[in-house]
Amino acid sequence: MPGSAGLVLVEGVAHLDEPAAVFEGMLTGWARQQKSRMLSDATVSSRLSLLRRFTEFAGSYPWSWTPADVEDFTVGLTSGERRMAPATIRGYHLTLRMFCDYLTDARYEWPRQCRDRFGQVPSQVCHEWNTVAHLTEYEGQPARRPLSYDELEQLFDHLDRQVDVIVKSGRKGALAALRDAQMIKTCYAFGLRRNELCRLDVADLRPNPHVPDWGGYGSVHVRYGKAIRGGVPRRRTVLAVPEFDWAIAGLRQWAEQARPILRPADHPALWVTERLTRVSTKHLDKRFAVLRAGAGLAPELTLHCLRHSYVTHLIEFGYPERFVQEQVGHAYASTTAIYTSVSNDFKNKTLQAALGRVYKPPSTTTEATGATTGMTTGTEVRR
């Protein structure tokens, strides 16, 4: 089996530091097992790094670990100025649990190797009483939330002003400022993740046959959606909605007028730099932080909060939950629900409509018509 002791340790070889050699063999074997599941190199390397860190903290190797080591390690993570978030600690516990499951599985022969070499066998040191339980759907920072309509307008106005200031001053950077501004607007108008946004190509801009006036900008084909459990990136098509049609003009301006100035030749990326490279997620994060501060918004609001805003506002506009789920590429409706944080105004109007249905039964034709008209007007205002 991938990762078994017989594939990473050579029988009959005497090591100068046998415990260290066996530990490295365990890490190598577990890495092979994970890669056979098609997990990414970044995921595997981060887990191995945590195991080395835990081993150094415990001062012993896996066949000598005890549940008390996990508890002491957790206490260290929850104390001091750099206190870890519960979701992060739960991820650490999950990594330790999976590694111990791997070591204690007889199919990989590590129990026999440890017994013959050290007179000890590894055990599962993580259990329900010393690990963080997954009790709530959302474990992110409470300060992170969708942006309000006023905050979005404040941010987008600042983006436009930045472009105007650079153009009027005659300094370099006008194209970069226009590109970054349009990237942020596109992120919100189509509800994209950072990597999905940066990996867009010109060929991913598609028309919507139901709205010919939008030309080739009526939808966006996402080819690098978030993968699930080592799978390949998922694909989906995100349709432009009429409430966000203002983003189409800016997208057309960048693709047809501004981008050709950079002379990208046959470079496929939609968002290219002056050096004809694809804009990275790291650059986008740094740029958004600067623009967010310039717009006077709270530092807790990240670029991903625009995706939360997109989901929330589609719900407030009255789009069905299934449509919103397909737009953002969520596998489960419960995930979409986590992203949703409707405003008090939306909830008040929904409650008023429900009260009108329950407590105002039509007694005459005129009253029935008026009640129906009032509900329709409320819907139109909300949209």
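In this predicted model, Ser219 stands opposite Leu239, a residue of strand β3.

Strand β2, which covers residues 219–225, is joined to β3 by five bridges, and the two run antiparallel. Besides the pair already named, Gly225 stands opposite Arg234 in β3. Strands β1 and β2 also pair in the antiparallel sense, over two bridges, and there Leu205 is found opposite Val220 of β2. Strand β2 is mostly covered, since five of its seven residues are buried. The opposite pairs named so far are gathered in the table.

| Residue | Opposite residue | Strand of the opposite residue |
|---|---|---|
| Leu205 | Val220 | β2 |
| Ser219 | Leu239 | β3 |
| Gly225 | Arg234 | β3 |

As for the whole, the protein chain contains 16 helices and three strands. Of its 383 residues, 39% count as buried, and the chain exposes about 21,100 Å², of which carbon and sulfur atoms supply 55%. Among contacts in the protein chain with a separation of 6 or more, 63% come from residues 24 or more positions apart.

The largest nonpolar core has 57 residues, and those with the most contacts inside it are Leu155, Ile184, Trp271 and Leu306. The elements that give two or more residues to this core are the helices α7 (149–169), α8 (174–190), α9 (194–198), α10 (246–258), α11 (281–294), α12 (304–316) and α13 (321–328), together with strand β2. Helix α8 gives the most to this core, with eight residues. Trp271 touches a number of residues beyond those up to four places away in sequence, among them Arg179, Gln182, Met183 and Thr186, as well as Leu197, Leu251 and Trp254. Apart from this core lies another, of 32 residues, which include Ala5, Met26, Trp65 and Leu96.

Helix α6, made of residues 110–118, has Trp110, Pro111, Gln113 and Cys114 as its buried residues. These residues cover an arc of only 165° around the axis, which puts them on the same side of α6. The buried residues of α6 pack against α1 (5–8), α2 (18–35) and α5 (86–104). After α6 comes Gly119, whose phi is positive, near 70°.

Val22 lies in helix α2 and is buried, with a relative accessible area of 0%. Leaving aside its neighbours within four places in sequence, Val22 is in contact with Leu9, Trp63, Trp110, Arg117 and Phe118. The C-alpha atoms of Val22 and Tyr61 are separated by 9.3 Å, while the two residues are 39 residues apart along the chain. Thr55 has its place in helix α3, which covers residues 41–58, and at 9% relative accessibility Thr55 counts as buried, because the cut-off for a buried residue is under 20% relative accessible area. When its neighbours within four places in sequence are left aside, Thr55 is in contact with Phe23, Ser60, Tyr61 and Trp65.

Finally, the confidence of the prediction deserves attention. The mean pLDDT of the protein chain is 86, and 86% of its residues reach 70 or more. Among the elements of the chain, strand β1 has the highest mean pLDDT, 96, whereas helix α16 (residues 365–382) has the lowest, 38. Over residues 364–383 the pLDDT is below 50, and this stretch has 12 contacts in the model beyond near neighbours in sequence. Where pLDDT is low, the predicted coordinates should not be read in detail.

Key:
Residues are numbered from 1 along each chain as its sequence is written. This is a predicted model: local features need pLDDT of at least 70, side-chain atom pairs count only at pLDDT 80 or more; totals for chains, interfaces and linings use all residues. Side-chain values use heavy atoms; hydrogens and water are left out. Two strands pair if DSSP finds at least two bridges between them. Helices (H or I, at least four residues) and strands (E, at least two) are DSSP runs, numbered from the N terminus. A nonpolar core is a set of buried Ala, Val, Leu, Ile, Met, Phe, Trp, Tyr and Cys residues joined through side-chain atoms within 4.5 Å. Buried means under 20% relative accessible area, exposed over 50%, partly exposed in between (1.4 Å probe, protein chains only). Contact means heavy atoms within 4.5 Å. The arc is that of the directions from the helix axis to the C-beta atoms. Accessible areas come from the Shrake-Rupley method with a 1.4 Å probe; for residues, only the protein chains shown count as cover. pLDDT is the predictor's confidence in each residue, from 0 to 100.
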